[in-house]
Amino acid sequence: MTDRSLRLTLFVHVFLFALVVGVFWGTWFSLSRSMSSITASTFLEVGHTMINNLGGPMAVLMPTTLVSAVPVLFMLYRRHRRASFSLILAGAALLVVALVITLSVNVPIDYAINRWTVDTLPSDWTSIRNRWEAYHAARTFISLAGFGSALAAILRSHEDAATPA
């Protein structure tokens with residue numbers, strides 16, 4: 001396998017990672033920070049729209065991003081690029097943590113919210129919303145740290161390539 005193959009797999013992995021982080025960051029930055037100030041009906045309208053728009057694509061994008069780390073890790077390991085390998089592995093591990101948060105907390109709440117109407121809104125809907133928001137913030141910043149690790153691996157990979165194995 002050539003350095004060109006490594007560069008291509010790194011590009012694909014980091015590009016996919018950027019898409020995942022972009023969804024999390026964009027949602028947190030543009031909406032989550034002000035979610036407590038919107039009305040119940042607006043919350044439901046926005047929530048239903050976002051769940052329907054993001055659920056399917058993210059169900060494919062997050063696992064694909066994790067799988068895309070495998071060939072990168074393999075190539076870095078074979079080339080003895082330990083620092084880059086460790087950084088990609090750390091980034092993938094952080095993305096796994098974000099995925100676990102997503103599947104164990106956010107998605108079940110999404111399923112509940114998607115069934116709510118203004119008439120069936122539970123009395124504790126704000127505490128449920130706040131729980132979703134707290135875990136969304138956690139997965140956002142965890143995935144940002146993972147993305148930063150992947151970017152650092154790219155920078156390190158260039159240094160590693162200049163150093164004989």
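**The helices and their packing**

Author: Helix H3, residues 82-115, contains 34 residues, and its first and last C-alpha atoms lie 48 Å apart, close to the 50 Å expected at 1.5 Å a residue. The expected span is 1.5 Å times one less than the number of residues. The model is predicted: local features require pLDDT of at least 70 and side-chain atom pairs pLDDT 80 or more, while totals for chains, interfaces and linings use all residues. Residues are numbered from 1 along each chain as its sequence is written, and side-chain values use heavy atoms, without hydrogens or water.

Helices here are DSSP runs of H or I with at least four residues, strands are runs of E with at least two, and both are numbered from the N terminus. The C-alpha trace spans about 65 × 25 × 20 Å along its principal axes. Of the 165 residues, 39% are buried (under 20% relative accessible area, with exposed over 50% and partly exposed in between, for a 1.4 Å probe and protein chains only).

H3 has a kink of about 40° centred on Thr102. The bend at a residue is the angle between axes fitted to the seven residues ending there and the seven starting there. In H2, a kink of about 35° lies at Leu54, shortly before the proline Pro57.

Where H2 meets H3, their axes come within 10 Å and cross at roughly 155°. Such axes are lines fitted to C-alpha atoms, for helices over the stretch in contact, with angles from 0 to 180 degrees between N-to-C directions. The two helices are therefore roughly antiparallel (angles over 145 degrees; under 35 is roughly parallel, 65 to 115 roughly perpendicular and the rest oblique). Their crossing is left-handed, meaning that the near helix is turned anticlockwise from the far one by less than a right angle, whereas clockwise would be right-handed. By class, this contact has 19 nonpolar, 6 polar and 2 charged residues. Nonpolar covers Ala, Val, Leu, Ile, Met, Phe, Trp, Tyr, Cys and Pro; charged covers Asp, Glu, Lys and Arg; the others, Gly among them, are polar.

The loop between H2 and H3 holds His80. Just after H2, His80 has a positive phi of about 60°. Most residues other than glycine have a negative phi.

On its other contact, H2 (residues 40-78) meets H1 (residues 3-30): their axes come within 9 Å and cross at roughly 150°. H1 is therefore roughly antiparallel to H2. The contact of H1 with H2 has 18 nonpolar, 7 polar and no charged residues. H1 passes H2 in a left-handed crossing. The 28 residues of H1 should span 40 Å at 1.5 Å a residue, and its end C-alpha atoms, 39 Å apart, agree with that.

Among the buried residues of H1 are Leu6, Leu10, His13, Phe17, Phe24 and Trp28. Trp25, also in H1, is partly exposed at a relative accessible area of 32%. The C-alpha atom of Trp25 lies 9.0 Å from that of Ser143, which is 118 residues away along the chain.
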